[in-house]
Structures are given as C-alpha cells and as structure tokens.
Amino acid sequence: MTDISWQSGDAYESYVGRWSRRVAKIFVTWLDVPANSRWLDAGCGTGALSAQIPAPALLIGIDKSPAFLSALPRAGVPAAPPPNRVLACAGDAAALPLTDAGFDAVVSGLALNFVPRPESAVAELCRVAAPGATIAAYVWDYANGMAMMRHFWSAAAELDPDLGERDESRSFEFCRDDVLADWWSAAGLHDVTTRRIEIPTVFRDFYEYWTPFLGGQGPAPGYVTARSPAQRDALRESLRSRLPTQPDGSIPLTAAAWAVKGRKAP
C-alpha cells in the first residue's frame with residue numbers, strides 16, 4: 001500500500017483531511033513544544049498538522065505531492081515567510097532534503113504508513129532533529145478506531161471474497177501504539193510516550209458519508225472506482241443499511257489515531 005498516489009488536495013480533504021485537522025490540534029497541544037521553535041512537518045499533505053502549529057520561528061512542510069503542497073495556503077498555512085518563516089518543498093519523508101540537526105520539533109501526521117519501511121524513516125526524522133528535540137507522529141488506528149473505514153471494509157468483504165490486503169486494517173496492521181513505541185525506542189529516543197486520540201466524525205447524511213469514497217484517492221476510494229457500476233451500487237446500498245443512522249439522517253461515528261512522541265538526547 002505504500003505506493004498509493006495522492007494527487008488531489010480537495011479529494012483528500014473531503015475524505016480524511018478534515019478529520020485529521022481535529023486530531024492535529026489535540027496532537028500539537030500534547031507535544032507542548034515552546035513557541036518560537038523550529039518545526040519540520042514531514043509528509044505535510046494539505047497542511048492539517050502544519051496549520052495547528054502556533055508561532056514557529058521556522059516551519060518547513062515537506063511532501064511528495066505538488067498538489068498537496070499547493071493546498072497549504074488554503075489550509076491556513078501562510079505561503080510567505082514573514083512574520084513566521086513558513087516554507088514548503090517537495091521531498092520524501094524517508095530521504096529528507098535537509099541538513100542534520102536543524103529542528104526543535106520534527107513531526108509527521110498520517111504519513112508514516114505510506115512510506116516504504118516506515119521504521120527506517122524514523123531514523124531520518126531523528127537525523128534532522130536538533131539535540132533535545134521532540135520527534136512525534138500520529139497514524140490512524142485502522143484496526144479499531146476508524147469507524148467510517150471499518151463499516152466500509154466490512155461491507156466490501158461481504159461482497160468481495162477476493163478483497164485480501166486492500167483493507168487498511170490488514171495492510172497497515174503496524175499502526176498500533178506498541179509498534180510505534182518500539183520504533184521510537186529503537187531509534188534511541190528518550191521519554192517515549194504514546195496516546196490514543198479520538199474525535200467525533202458526524203456526517204449530516206448518507207450522501208456526505210458516501211461521496212468522498214468516489215474521489216478515487218486512497219485505498220478505499222481507489223477500491224470503489226475500480227468496481228463496476230453494479231458492484232458500486234451493491235456496496236453503496238450495503239453501507240446504507242449498516243450505518244448507524246439517526247432519525248434526522250445524520251450518521252454519528254468516531255475516528256481515532258495513535259500518537260507517539262520521544263525526545264532526542266541533548
């Protein structure tokens with residue numbers, strides 16, 4: 001699943017970007033990094049995490065997708081350096097185009113599971129971190145925390161006996177707190193801590209839930225667009241019947257992410 005291409009910022013935002021923004025706010029508060037620090041957001045996407053960072057002395061966002069980088073100003077991340085030095089550049093989180101020890105906080109939101117050999121990418125995050133810096137990340141809890149995806153893949157599995165590894169709970173089974181903690185400790189980081197961040201994800205109706213799955217980006221939307229019209233219709237109706245719909249038509253679900261942080265030795 002690491003070769004999945006994300007090309008449209010708008011499609012990503014309507015699918016999971018808007019929910020990531022809520023997780024990011026809690027995540028940044030949890031990190032408790034002082035103001036006027038130098039930040040790197042590796043795999044910054046459309047800026048869900050970058051937009052929550054208060055008063056950085058320097059903030060660099062790196063992502064492989066030019067379309068995502070172009071969405072950063074719309075996400076609330078200023079494009080011009082003053083008054084805070086905010087820069088964006090294309091690059092790979094596993095091979096950062098940056099010199100050693102330049103940042104007080106190195107973070108990554110919902111990106112590690114899309115990097116080949118993510119445990120090795122942690123070493124790259126540590127390389128660019130200054131002594132005493134905070135290195136942190138969060139990923140969706142695909143196995144138990146993403147209700148919008150769990151309902152989707154459960155419905156798909158009933159209709160498709162060849163579903164296999166398409167389900168993110170199987171392909172991204174390493175997105176767990178114990179695995180993240182092991183990666184951070186193996187990288188030599190100190191004071192390694194994890195936490196689960198859960199947020200409400202309320203859809204006003206079935207249309208708002210279903211439409212983002214038609215965007216074609218990401219494992220589940222990609223699966224939908226690869227189905228025949230009849231298969232899509234069957235999947236849509238199976239989902240409609242199983243979702244917890246309220247009398248007003250709204251669908252109250254929750255989303256959860258696993259977060260990890262650690263500190264580089266002074």
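The questions below look at how some descriptions of this predicted model are reached.

The model is predicted, with local features needing pLDDT of at least 70, side-chain atom pairs counting only at pLDDT 80 or more, and totals for chains, interfaces and linings using all residues. Residues are numbered from 1 along each chain as its sequence is written, and side-chain values use heavy atoms, with hydrogens and water left out.

Q: What is the average pLDDT of the protein, and where is the pLDDT below 50?
A: On pLDDT, the predictor's confidence in each residue from 0 to 100, the protein averages 88, and 89% of the residues score at least 70. Over residues 78–84, however, the pLDDT is below 50, and beyond near neighbours in sequence this stretch has eight contacts (heavy atoms within 4.5 Å) in the model.

Q: Why is aspartate 63 said to have no salt bridge?
A: A salt bridge needs a side-chain nitrogen of Lys or Arg within 4 Å of a carboxyl oxygen of Asp or Glu, whereas the nearest side chain of opposite charge to aspartate 63, that of lysine 64, is 8.5 Å away, so aspartate 63 has none.

Q: Which residues of helix 3 are buried, and what covers them?
A: In helix 3 (residues 118–127), the buried residues are Pro118, Ala121, Val122, Glu124, Leu125 and Cys126, and their cover includes strand 1 (38–42) and helix 6 (177–186).

Key: Buried means under 20% relative accessible area, exposed over 50%, partly exposed in between (1.4 Å probe, protein chains only). Lys and Arg count as positive and Asp and Glu as negative; His and the chain ends are not counted. Helices (H or I, at least four residues) and strands (E, at least two) are DSSP runs, numbered from the N terminus.
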